[in-house]
There are 2 protein chains.
Amino acid sequence: MKVTILAIGDELLSGRTLDTNSHFLSGKLAETGGEVLETRVLRDEAEQIEKALRDALSSSDMVITTGGLGPTTDDLTRFSVAKVAGRELKEDSASIQRLEERARAKGRELYENGRLQALFPEGSKIIENPTGTANSFITEIEQVSVFSLPGVPRELKYLTEHELLPFIAGRFPGTKIRQSCYLHCFGYSESWVGSVVEGLEIGDSFNVAYRPDFPEIMLTITGREGVSPGDLEKVRDSIEGALAGVAYSSNKKDSLEEHVSCLLRDTGQIVAIAESCTGGLLSSRLVAIAGASEIFSQGLVTYSNSSKVSLLGVSEESLNTYGAVSSEVAREMAKGLLEHSKADFSLVTTGIAGPGGGSEDKPVGTVYIGIGHRDGVTVIRREFPYSRSQFRQITASSALDLLRRKLSGLELEFEIR
Amino acid sequence: MKVTILAIGDELLSGRTLDTNSHFLSGKLAETGGEVLETRVLRDEAEQIEKALRDALSSSDMVITTGGLGPTTDDLTRFSVAKVAGRELKEDSASIQRLEERARAKGRELYENGRLQALFPEGSKIIENPTGTANSFITEIEQVSVFSLPGVPRELKYLTEHELLPFIAGRFPGTKIRQSCYLHCFGYSESWVGSVVEGLEIGDSFNVAYRPDFPEIMLTITGREGVSPGDLEKVRDSIEGALAGVAYSSNKKDSLEEHVSCLLRDTGQIVAIAESCTGGLLSSRLVAIAGASEIFSQGLVTYSNSSKVSLLGVSEESLNTYGAVSSEVAREMAKGLLEHSKADFSLVTTGIAGPGGGSEDKPVGTVYIGIGHRDGVTVIRREFPYSRSQFRQITASSALDLLRRKLSGLELEFEIR
């Protein structure tokens, strides 16, 4: 199955928006054994889109378009597909009804240009998009399937998993689906993880791909044709064993916060959080998981010194003697929070996100992360010399990981490699 | 100056490597006033590369290729450029000497295939690459400049800044700068914004593109050739006027939180935050902006009822009578926080993120957002029937927008369209 991908949108050519959809689709198609001949990024210009479509029809078994399905005048995909197919556009009544319902649910009416999103080339298969406004559609032209997806990455991902891949399996039955399994890792570098995996000599029947998803790393272990799911799991287990404490989950969709939430829920325990440099990000990652009220009682964003004193009972003396970013203050934050909140665990961060505020002893990127429990308080120090935004992310992940280690009975102090 | 970018390499089509070079180049070219017609990602296949080159020559003033300049058999760019140009490949003695020196420095000898990197289409301008092995080159074909860059992002970036951009400035002195300006909007649907803009009849010399960046929308207004910056600004101003209160900034890089931070900083005022359903996201968006300590004192994530009572002084009675998600509780949260924190503004959220917890009166997606100030408390109610994650994002944005409206003297209660 040969595929051409056409990504449509001026914003993708102005340096404003990076087209990640084509990359995502290429990876998914590679997994099904498809061959991506080419990806093209095109302007919102009818003539150019039509020419690219005609080119693609002459070389491909399938064409995937992304973007250009919105309700405004620069959204041209449906018009260009119809023109190249030599078909009229026809209003789909089910789509109109859906658009009206969506508008009504938001207390709006459906405007005239909103109705454009219910137009499809005659004879197309219309695919409902539960994640957004624009329905997707498939138009068969000269025995080539043209599959038009919306450009919003979240919608595109959903429709790829739920509609595009099943469609391909049915339309191109020769397509091979290879077996894959996954491991999520946190706390060590990609090259260290790579060297551990290479030391295992798992053989030529397996391929391990490393996908850094800052600050975590996801390993995808793929068995070549003929490898049984059981053999694949054995290899995954041996890698997981070698990465003990570092690989935290083999469930593809498990994030660090989901994993920690499960561990808390399973043991009926509750955490409270006080953040300085992470500014709410740590709490917000836990609250993002449904059912958070069972495992999370309260969070404090004690960004100013005075709020550390008034909300957590940190002593003015410690703040003056050691500074807000210090092991001592992190310890008092964790202790004070545990007492005030009556939670089972307290988790706190205080660090220097930058760009200013660093010193020789404590450069920008220095952070203290503390965990409190009835058996005592542990504080670890880390240096994360990253951008402000990355610093906050990796600090939040490190705090979640500290709680994970505590809940899993692992060492809390360890050397990073 | 019209440009086509051709990115060459199988790894860019397998989902393994994301092509970031084209995005980087597009941004740089947009800054110089160039118009990127198209970017294409191609396989390491001579025929395909040559066809794409010929296509590009017919529509562009300049073609930029990236990748395919290495020493292995799948590196075909120099061969394809020579073939399309109808020229022979010729060994460049300076390049050979450089390759030999580099090999010697690493204690290696120059292998036969290494010598391929010294071959260039006859008549090309050879450009030394101090950051890597592969020299770059420019070949003029039918009055189109074909500029071939290496695919390694670090090398490509260096050569773009030091060679490509200076070359463009010399080669296309008449380059017309297409003017663009921007408007950030929040609170209304893309189709509503589109219908307002269309109603203005701004004429054919201007193009308006809509980029939804949930939950916001960015408009890019571009003037066609010959439009003066003044005319463009007039059009932008008329659109901004028609979208009064909805368009919050015309600064390209301004986010809602940056805009609000500026408004606070300019007036020397401070906000404190108490969040329930947004769980820290609202605080974290403000803290993400450098210098947050000047405008933000503290945040409370009062996820449980008991924390609303202990930290904010919400009455048990109100919680029992009206429920945690109610106008009354939002009002008490905003009032309590303003008193406890001594900030100039308090900003609070309480809502039902789902998936559970909804009722007929207050379905999943219902949220109350409150703002407190010495002149009183205002609470607005919204319904956001989105996913849990989108609900939290749009709620945080709505709270920031409420603060923006307050700071800008706009109506706080308005109907959403």
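**Salt bridges, interface and buried strands**

A: The model is predicted. To start with one residue, Arg115(A) counts as partly exposed, at 26% relative accessibility.

Q: Which side chain does Arg115(A) meet in a salt bridge?

A: The partner is Glu91(A), at 3.3 Å from N to O. Arg115(A) sits in the loop between helix H4 (93–105) and S5 of chain A, and Glu91(A) is in strand S4 (residues 89–91) of chain A, so the pair ties together parts that are 24 residues apart in sequence.

Q: Is Glu91(A) buried or partly exposed?

A: Glu91(A) is partly exposed, with a relative accessible area of 40%.

Q: How many salt bridges over all chains?

A: The count comes to 45 by the rule used. One of them joins the side chains of Arg236(A) and Asp237(A), at 3.5 Å from N to O. Arg236(A) is buried at 14% relative accessible area, while Asp237(A) counts as partly exposed at 42%.

Q: And what about Arg405(B) and Asp401(B)?

A: Their side chains meet in a salt bridge, 3.5 Å from N to O. The two residues are four apart in helix H13 (residues 388–408) of chain B, which means about one helical turn separates them.

Q: What area do the two chains bury between them?

A: About 5400 Å², with 52% of it on carbon and sulfur atoms.

Q: How many salt bridges and polar contacts cross the interface?

A: The rule finds six salt bridges between chain B and chain A. For polar contacts, there are 25 residue pairs across the interface, both residues at pLDDT 80 or more.

Q: Which residues are linked with Lys51(B) and Asp55(A) in a network of salt bridges?

A: The network links Glu38(A), Arg40(A), Lys51(A), Asp55(A), Glu38(B), Arg40(B), Lys51(B) and Asp55(B).

Q: What sense do strand S2 of chain A and S2(B) pair in?

A: Antiparallel, over five bridges, with the chain A strand covering residues 35–42. Within that pairing, Thr39(A) stands opposite Val41(B).

Q: New topic: S8(A). How many of its residues are buried?

A: Six of the six residues in strand S8 (residues 144–149) of chain A are buried, so the strand is largely enclosed by the rest of the structure. Both faces are covered, with Val144(A), Val146(A) and Ser148(A) on one side and Ser145(A), Phe147(A) and Leu149(A) on the other.

Q: What pairs with S8(A)?

A: Strand S3 (residues 62–66) of chain A runs parallel to S8(A), joined by five bridges. Met62(A) has Ser145(A) as its bridge partner in S8(A). Strand S7 (residues 136–141) of chain A pairs with S8(A) in the antiparallel sense, over five bridges. There, Phe137(A) stands opposite Ser148(A).

Q: What goes on in the hairpin of S7(A) and S8(A)?

A: The hairpin has two residues between the strands, and Glu142(A) takes a positive phi near 45 degrees.

Q: Where is Phe120(A), and what does it contact?

A: Phe120(A) lies in strand S5 (residues 119–121) of chain A and is buried, at 2% relative accessible area. Beyond its neighbours within four places in sequence, its contacts include Arg78(A), Leu89(A), Ile126(A) and Phe137(A).

How values were computed. Residues numbered from 1 in each chain as written. Chains lettered and ligands numbered in written order. Predicted model: local features only at pLDDT ≥ 70, side-chain atom pairs only at ≥ 80, totals over all residues. Heavy atoms only, no water. Buried < 20%, exposed > 50% of the residue type's maximum accessible area, 1.4 Å probe, protein only. Contact = heavy atoms within 4.5 Å. Buried area = accessible area lost by both parts, 1.4 Å probe. Salt bridge = Lys/Arg side-chain N within 4 Å of Asp/Glu carboxyl O. Polar contact = N/O pair within 3.5 Å; in protein donor to acceptor, adjacent residues only side chain to side chain. Pairing = 2+ DSSP bridges.
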